[in-house]
Amino acid sequence: MLSGKQKRHLRALAHSLQPIFQVGKGGTNDQLIRHISEALERRELIKVSILNNNLDDPREIAEELAAGAGAELVQLIGRTIILYKESTEYKQIELP
(Lines give C-alpha, C1' and ligand atoms only; values in the text may rest on other atoms or scores of the structure.)
Protein backbone atom coordinates (compact mmCIF):
# COMPACT_ATOMS: atom_id res chain seq x y z
CA MET A 1 0.00 0.00 0.00
CA LEU A 2 1.32 3.41 -0.97
CA SER A 3 1.25 6.39 1.36
CA GLY A 4 -0.11 9.77 0.30
CA LYS A 5 3.40 11.17 -0.05
CA GLN A 6 4.45 8.27 -2.29
CA LYS A 7 1.35 8.64 -4.47
CA ARG A 8 2.02 12.37 -4.83
CA HIS A 9 5.59 11.62 -5.92
CA LEU A 10 4.41 9.04 -8.47
CA ARG A 11 1.75 11.41 -9.84
CA ALA A 12 4.45 14.03 -10.40
CA LEU A 13 6.61 11.50 -12.25
CA ALA A 14 3.66 10.31 -14.35
CA HIS A 15 2.63 13.80 -15.41
CA SER A 16 4.85 13.78 -18.51
CA LEU A 17 4.09 10.17 -19.51
CA GLN A 18 1.89 9.28 -22.46
CA PRO A 19 -0.62 6.41 -22.15
CA ILE A 20 0.87 3.24 -23.61
CA PHE A 21 -2.29 1.09 -23.44
CA GLN A 22 -5.90 1.77 -24.36
CA VAL A 23 -8.97 -0.04 -23.13
CA GLY A 24 -11.56 -0.06 -25.91
CA LYS A 25 -15.14 -1.26 -26.19
CA GLY A 26 -14.00 -4.85 -25.70
CA GLY A 27 -13.02 -4.02 -22.14
CA THR A 28 -10.24 -5.78 -20.27
CA ASN A 29 -9.05 -9.31 -20.94
CA ASP A 30 -6.27 -11.65 -19.84
CA GLN A 31 -4.01 -10.67 -22.74
CA LEU A 32 -4.26 -6.94 -21.94
CA ILE A 33 -3.55 -7.60 -18.26
CA ARG A 34 -0.52 -9.74 -19.17
CA HIS A 35 0.87 -6.99 -21.41
CA ILE A 36 0.32 -4.37 -18.70
CA SER A 37 2.07 -6.59 -16.17
CA GLU A 38 5.08 -6.99 -18.50
CA ALA A 39 5.22 -3.24 -19.14
CA LEU A 40 5.07 -2.52 -15.42
CA GLU A 41 8.00 -4.87 -14.82
CA ARG A 42 10.03 -2.90 -17.36
CA ARG A 43 8.86 0.66 -16.60
CA GLU A 44 7.36 0.53 -13.07
CA LEU A 45 4.98 3.44 -13.81
CA ILE A 46 2.54 3.54 -16.73
CA LYS A 47 -0.57 5.32 -17.92
CA VAL A 48 -3.57 3.54 -19.43
CA SER A 49 -6.36 5.41 -21.19
CA ILE A 50 -9.96 4.29 -21.48
CA LEU A 51 -11.51 5.11 -24.84
CA ASN A 52 -14.84 6.91 -25.08
CA ASN A 53 -16.51 3.91 -26.75
CA ASN A 54 -16.05 1.87 -23.56
CA LEU A 55 -19.20 2.24 -21.49
CA ASP A 56 -17.92 0.44 -18.39
CA ASP A 57 -17.21 2.30 -15.14
CA PRO A 58 -13.61 3.63 -15.22
CA ARG A 59 -13.16 2.89 -11.48
CA GLU A 60 -14.04 -0.80 -12.04
CA ILE A 61 -11.66 -1.05 -14.99
CA ALA A 62 -8.84 0.58 -13.01
CA GLU A 63 -9.33 -1.77 -10.06
CA GLU A 64 -9.52 -4.82 -12.34
CA LEU A 65 -6.29 -3.88 -14.14
CA ALA A 66 -4.47 -3.14 -10.88
CA ALA A 67 -5.59 -6.40 -9.27
CA GLY A 68 -4.83 -8.48 -12.37
CA ALA A 69 -1.34 -7.03 -12.80
CA GLY A 70 -0.59 -7.00 -9.07
CA ALA A 71 -0.04 -3.24 -9.25
CA GLU A 72 -1.02 -0.22 -7.16
CA LEU A 73 -3.62 2.19 -8.49
CA VAL A 74 -1.91 5.56 -8.10
CA GLN A 75 -4.60 7.73 -9.63
CA LEU A 76 -7.68 7.73 -11.82
CA ILE A 77 -8.39 11.04 -13.52
CA GLY A 78 -11.34 10.99 -15.86
CA ARG A 79 -10.49 8.15 -18.23
CA THR A 80 -6.75 7.95 -17.52
CA ILE A 81 -5.33 5.39 -15.10
CA ILE A 82 -1.87 5.57 -13.50
CA LEU A 83 -0.47 2.25 -12.29
CA TYR A 84 2.71 1.50 -10.33
CA LYS A 85 4.44 -1.76 -9.56
CA GLU A 86 7.95 -2.04 -8.15
CA SER A 87 10.19 -3.87 -10.60
CA THR A 88 12.37 -6.77 -9.50
CA GLU A 89 14.99 -6.48 -12.26
CA TYR A 90 14.70 -2.93 -13.62
CA LYS A 91 14.22 -0.80 -10.49
CA GLN A 92 14.43 2.88 -11.44
CA ILE A 93 12.02 4.75 -9.16
CA GLU A 94 12.98 5.48 -5.56
CA LEU A 95 9.95 6.19 -3.40
CA PRO A 96 10.18 8.76 -0.59
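Two strands count as paired if DSSP finds at least two bridges between them. Keep in mind that this is a predicted model.

Select strand 1, residues 21-23, together with strand 2. They pair in the parallel sense over three bridges. Click Q22: its bridge partner in strand 2 is S49.

Is it enclosed or open? Show side chains. In a regular strand they alternate between the two faces of the sheet. On one side sit L45, K47 and S49; on the other, I46, V48 and I50. Both faces are covered, and all of these residues are buried.

Strand 2 and strand 4 run antiparallel, joined by five bridges. Pick K47 and look across: its bridge partner in strand 4 is I82.

Next, bring in strand 3, residues 72-77. It pairs with strand 4 in the antiparallel sense, over five bridges. L73 stands opposite L83 in strand 4. Zoom to the turn of this hairpin, where two residues lie between the strands. G78 takes a positive phi near 60° there.

Last stop: the surface. Select D56, D57, E60, E63 and E64, which gather in a patch of negative charge. One of them, E60, belongs to helix 3, residues 58-69. E60 is exposed, with a relative accessible area of 51%; the cut-off for exposed is over 50%.

Note on methods: Residues are numbered from 1 along each chain as its sequence is written. This is a predicted model: local features need pLDDT of at least 70, side-chain atom pairs count only at pLDDT 80 or more; totals for chains, interfaces and linings use all residues. Side-chain values use heavy atoms; hydrogens and water are left out. Patches are made of residues with over 30% relative accessible area and no salt bridge: like charges are joined within 9 Å, nonpolar side chains (Val, Leu, Ile, Met, Phe, Trp, Tyr) within 5 Å. Accessible areas come from the Shrake-Rupley method with a 1.4 Å probe; for residues, only the protein chains shown count as cover. A salt bridge is a side-chain nitrogen of Lys or Arg within 4 Å of a carboxyl oxygen of Asp or Glu. Lys and Arg count as positive and Asp and Glu as negative; His and the chain ends are not counted. The place of a charge is taken as NZ of Lys, CZ of Arg, CG of Asp or CD of Glu. Helices (H or I, at least four residues) and strands (E, at least two) are DSSP runs, numbered from the N terminus. Buried means under 20% relative accessible area, exposed over 50%, partly exposed in between (1.4 Å probe, protein chains only).
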